[in-house]
Amino acid sequence: MSSKSIEVYGVPWDEKSSFMRGCRDAPHKIWDAFNCESANRCSESGINLAKSEVLRFQGSMTLTSGNAVLTEIETAAAEIAAGGRLPIFLGGDHAITYPLVKGLHRTYPDLNILHLDAHPDLYDEIHGDRFSHGCPMARIMEEKLATRLVSVGIRTMTPHQRSQADRFGVEIVDMISFVSKPPLIFEGPLYVSLDLDVLDRAFAPGISHHEPGGMTTRELIRVIQNVQGALVGADIVEYNPYRDIQNMTAMVAAKLMKELAAKMLAQP
Ligand code: MN
Ligand code: MN
């Protein structure tokens, strides 16, 4: 294996949640779950992520409030990518993804996005806010920050969002037709944006928007393990610890972090 390492950053911002706050307290809860004595820190492929030279928590970003945070997140992401670092960002709600991608796009102008979510997040605005956690994919596509956006796990498509998807050329793999094989294939750099509500709430109750009929944890892991593309970064968003039951969703998020990190480390 190469000397690559993964850096984990907390992005503790939930001001753009339309229904319920709490995601701002997620990053450390996920990192604590990863370090919990109840499990080891190897990926399923056997990569030991316990060593800090392989996977390191860089703490949470220091953020102010309001729309200034968008610039703060973008600047931080741009510096990380410019430095050749491979980041996993722990949200925060899904509003963090637009500025993260905007920052990464400076280094990776041909970035592809694999978006895993119950929701397409393509609203033009929610309650007058164009930076709501229901809007990031609309902003990303408007500003042409992604070569391809493939949204998988969708089961809440509205007519408005359907027309937005058509307008932007978003490739939708909805739960009606979802199968976790064959693998998704991307040419060039790939960013994975993982909204935990892609999972059925039976597997991940610690989220703000419970949308029944989602993936099993195993189906989601299979998507991550099988995806083809040069993974240059990822986020795990929408974990709400105040909705969780015995930290079970934190453990799921930590597991997904391990599988994403292993995927990045195993790349040539
Ligand atoms: Mn989302
Ligand atoms: Mn969602």
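These are my notebook entries on what I looked up in the predicted model above.

**Ground rules**

I am working from a predicted model, in which local features need pLDDT of at least 70, side-chain atom pairs count only at pLDDT 80 or more, and totals for chains, interfaces and linings use all residues. Residues are numbered from 1 along each chain as its sequence is written, chains are lettered from A and ligands numbered from 1 in the order in which they are written, and side-chain values use heavy atoms, with hydrogens and water left out.

**Entry 1**

A donor here is an N, O or S atom within 2.8 Å of the metal (3.2 Å for Na, K and Ca), and since water is not among the atoms, sites may look incomplete. For helices (H or I, at least four residues) and strands (E, at least two) I use DSSP runs, numbered from the N terminus.

How far apart are the two manganese ions, and which residue is named as coordinating both? They are 3.3 Å apart, and the residue is Asp-117.

Asp-117 is buried at 0% relative accessibility, Asp-195 is buried at 2%, Asp-121 is buried at 5%, and His-119 is buried at 16%.

Is helix 3 largely enclosed or open? Eight of its nine residues are buried, so helix 3 is largely enclosed by the rest of the structure. Among the buried residues I wrote down Thr-97, Tyr-98, Val-101 and His-105. The cover over the buried residues of helix 3 includes helix 2, strand 3, strand 4, helix 4, strand 7 and strand 8 (228-237).

I looked at one of these neighbours in detail: helix 2 (residues 68-82) packs against helix 3 (residues 97-105) at an angle of about 40°, with their axes 7 Å apart. The axes are lines fitted to C-alpha atoms, for helices over the stretch in contact, and the angles run from 0 to 180 degrees between N-to-C directions. From helix 2, the residues that meet helix 3 include Leu-70, Ile-73 and Glu-74, and those they meet in helix 3 include Tyr-98, Pro-99 and Lys-102; contact means heavy atoms within 4.5 Å. The residues of this contact divide into nine nonpolar, one polar and two charged, where Ala, Val, Leu, Ile, Met, Phe, Trp, Tyr, Cys and Pro count as nonpolar, Asp, Glu, Lys and Arg as charged, and the others, Gly among them, as polar.

Val-69 also lies in helix 2, and at 0% relative accessibility Val-69 is buried. Leaving aside neighbours within four places in sequence, I found Val-69 in contact with Trp-13, Leu-63 and Thr-64.

**Entry 1: a strand pair**

Strand 4 and strand 5 pair in the parallel sense over five bridges, and two strands pair if DSSP finds at least two bridges between them. Ile-113 has Leu-149 in strand 5 as its bridge partner. Six of the seven residues of strand 5 are buried.

**Entry 2: backbone angles**

Most residues other than glycine have a negative phi, and most peptide bonds are trans. The peptide bond from Gly-91 to Gly-92 is cis, with omega near 15°, and Gly-92 lies in the loop between strand 3 (86-91) and helix 3. His-127 has a positive phi, near 50°, and is exposed, with a relative accessible area of 75%. Lys-144, in the loop between helix 4 and strand 5 (148-154), has a positive phi of about 55° and is exposed at 66%.

Definitions and conventions
Buried means under 20% relative accessible area, exposed over 50%, partly exposed in between (1.4 Å probe, protein chains only).
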